[in-house]
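Subject: Handover of the structure

Dear colleague,

Please find the structure below, together with its sequence.

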Amino acid sequence: MSHTGSSGGQPGPQRTTDRATALIEPTRAYAELVAGNRRFVDGAPRHPNQDAGRRAAVADGQQPFAVIVGCSDSRLAAEIIFDRGLGDLFVVRTAGHTAGPEVLGSVEYAVTVLGTPLVVVLGHDSCGAVQAARESAATGTAPSGHLRAVVDAVLPSLGRAEAEGVDDIDGIVDIHIAQTVETLLAQSPVLAEEVARGRCAVVGVSYRLAAGAVRPVAAVPAGFATSTTPASTDPAAPAIV
Ligand SMILES: [Zn+2]
């Protein structure tokens, strides 16, 4: 897979998968994101696929190599922090990366129609949506308007954090990222099937606002985003990695 060219044809993800090729495309896609984030962190971005040639090349169709389900936070712009360009990332953003029906449908569109081999849940430290949910739970008051829907979607993660004895905001964020990974797979049998076949992987990463770096928090299949954790034989079993 080559995602670094500024023009020309786009590599297509493998649509048929056997044991020999399982996770090859998801692994390459994740490596591209990690490499781009490293360039961003180092202050040496290449800004690939952002020129007129690329714009023309993708005008008639797209084959993004990763879906980003990210928080809407203005400091979390996916193409910037992963140093990518046009046609590279299929980005779905809500406050607190909540996973409602439209988000699930968007992810399924990318994975099944466009053949995107990787889904990344992108959260971050000091997340305002998580903080709002925490404040709501602490005071017993629900926010007004549709903000309540965001808070309600984050509350299960707060319950899980409490059960695990985690009470610092960034620890709760990590749990919320892992929870979102699990929710995507639990609520989308279509996505779970693609993962089970080895055509797709789902990774949760946490972004540090000051440093600009991402680190893996959860992955399905287990251990996908790391080289030290053995892969689980059960693709439905998320794991903190
Ligand atoms: Zn946020």
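This is a predicted model: local features need pLDDT of at least 70, side-chain atom pairs count only at pLDDT 80 or more; totals for chains, interfaces and linings use all residues.

Although His97 is not a glycine, its phi is positive, at about 40 degrees. Its relative accessible area is 1%, and because buried means under 20%, His97 is classed as buried.

Leu23 also has a positive phi, near 70 degrees, and is a residue other than glycine. Leu23 belongs to the segment before helix H1 (24–41). With a relative accessible area of 21%, Leu23 is partly exposed.

The strands E4 and E5 deserve a separate paragraph. Strand E4 (residues 201–207) runs antiparallel to E5, and 6 bridges join the two. Together E4 and E5 form a hairpin with 6 residues between them. In the turn, Gly212 has a positive phi of about 85 degrees. Strand E5 (residues 214–220) is largely enclosed by the rest of the structure, because 5 of its 7 residues are buried.

Val220 is also joined to Pro221 by a cis peptide bond, with omega about 5 degrees. Pro221 itself lies in the loop between E5 and strand E6 (239–240).

A colleague

Note on methods:
Residues are numbered from 1 along each chain as its sequence is written. Side-chain values use heavy atoms; hydrogens and water are left out. Buried means under 20% relative accessible area, exposed over 50%, partly exposed in between (1.4 Å probe, protein chains only). Helices (H or I, at least four residues) and strands (E, at least two) are DSSP runs, numbered from the N terminus. Two strands pair if DSSP finds at least two bridges between them.
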